[in-house]
Amino acid sequence: MTTRIRQATRDDIPDMAAIVVAWEKDMPWMPEGPTTDMIETAMDEVFDLRDIYVVSETPPETIVGYMSVDPNTDKIGAIYLTATGQGLGKALIDQAKQGRRFLWLQTHQPNTRAHRFYEREGFRVTGEIAPDAAGTPAQYRMEWAA
């Protein structure tokens, strides 16, 4: 099996949305989120405004994760993977760091595994963000600088 990272296309949106929905269902501390259709619509609306990469395995090509970065703010808006501990998240972070001297992201406070991962990648907690909706957990702001 071969793993590769490539720039996403709009055809990847359904797979990316399905990964988000599955992740939210697997997190016991996340309330029920938006539907797959709602996520697909939101992704389509910002698609041309983001640097979006997918991780795929072949053959046949199967999307196993993705990352979205806002090139105007250097914010990683999303990193979602179907499996962790395989180096895929690191490969995506390395992709995001290329050509940049600063990145930031938000991560849910109960997601301690993600915090440890980001810290290994050089990110540091720089602030706390209150919940943005009823029932959702507070978040940390984490930043990386070269």
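Two rings of Phe, Tyr or Trp, with the six-membered ring taken for Trp, count as a pair if their centres lie within 6.5 Å, and such a pair is edge-to-face if the planes are over 60 degrees apart. By this rule the count comes to five aromatic pairs in the structure above, which is a predicted model. One of them joins Trp23 and Trp29, whose ring centres are 5.8 Å apart and whose planes make an angle of 75 degrees, so that the pair is edge-to-face because the angle is over 60 degrees. The points below begin with these rings and then turn to a helix, the sheet and some details of the loops.

**Aromatic rings**

- Trp23 has a relative accessibility of 16% and counts as buried, because buried means under 20%, whereas Trp29, at 22%, counts as partly exposed.
- Tyr118 and Phe123 form another edge-to-face pair, with 5.7 Å from centre to centre and 65 degrees between the planes.
- In this second pair Tyr118 is buried at 9% relative accessibility, and Phe123 is buried too, with a relative accessible area of 0%.
- Trp23 and Trp29 also belong, together with Tyr66 and Tyr80, to one aromatic cluster.
- Asn111, which is found in the loop between E5 and H4, touches both Trp23 and Trp29 when residues up to four places away in sequence are not counted.
- Asn111 is itself buried, because its relative accessible area of 14% is under the limit of 20%.
- A ring can also face a charge, as with Trp104, where the charged end of Arg141 sits over the ring at 3.9 Å from its centre.

**Helix H1**

- Helix H1 covers residues 13-26, and Lys25 has its place there.
- The 14 residues of H1 should span 20 Å at 1.5 Å a residue, and this agrees with the end C-alpha atoms, which are 20 Å apart.
- The C-alpha atoms of Lys25 and Asp12 are likewise separated by 20 Å, for two residues that stand 13 residues apart along the chain.
- Lys25 is exposed, because its relative accessible area of 68% is over the limit of 50%.
- The buried residues of H1, by contrast, are Ile13, Met16, Ala17, Ile19, Val20, Val21, Trp23 and Glu24.
- Among the elements that cover these buried residues are helix H2 (36-46) and the strands E2 (51-58), E3 (62-70), E4 (75-81) and E5 (102-108).

**The sheet**

- Seven strands make up an open sheet with mixed pairing, and their order across it is E1-E2-E3-E4-E5-E7-E6.
- Strand E1 (2-7) and strand E6 (124-129) stand at the edges, where each has a single partner strand, so one side of each is left without a neighbour in the sheet.
- On average, neighbouring strands of this sheet are turned by 25 degrees against each other, with direction ignored.
- Helix H4 (residues 112-120) packs on the sheet and touches E4, E5, E6 and strand E7 (139-145), while its direction makes about 165 degrees with that of E5.

**Strand E2 and its partners**

- Six of the eight residues of E2 are buried, so this strand is largely enclosed by the rest of the structure.
- E1 and E2 run antiparallel and are joined by six bridges, and E2 and E3 also pair in the antiparallel sense, over seven bridges.

**Loops and backbone details**

- Asp74 lies in the loop between E3 and E4, and its phi is near 60 degrees, which is a positive value in a residue other than glycine.
- Asp74 counts as partly exposed, because its relative accessibility of 21% falls between the limits of 20% and 50%.

How values were computed
Residues numbered from 1 in each chain as written. Predicted model: local features only at pLDDT ≥ 70, side-chain atom pairs only at ≥ 80, totals over all residues. Heavy atoms only, no water. Helix = DSSP H or I, 4+ residues; strand = E, 2+ residues; numbered from the N terminus. Buried < 20%, exposed > 50% of the residue type's maximum accessible area, 1.4 Å probe, protein only. Phe/Tyr/Trp six-rings, centres within 6.5 Å; stacked < 30°, edge-to-face > 60°. Lys NZ or Arg CZ within 6 Å of the ring centre and 35° of its normal. Expected span 1.5 Å × (residues − 1). Contact = heavy atoms within 4.5 Å. Pairing = 2+ DSSP bridges. Axes fitted to C-alpha atoms, helices over the stretch in contact; angles between N-to-C directions.
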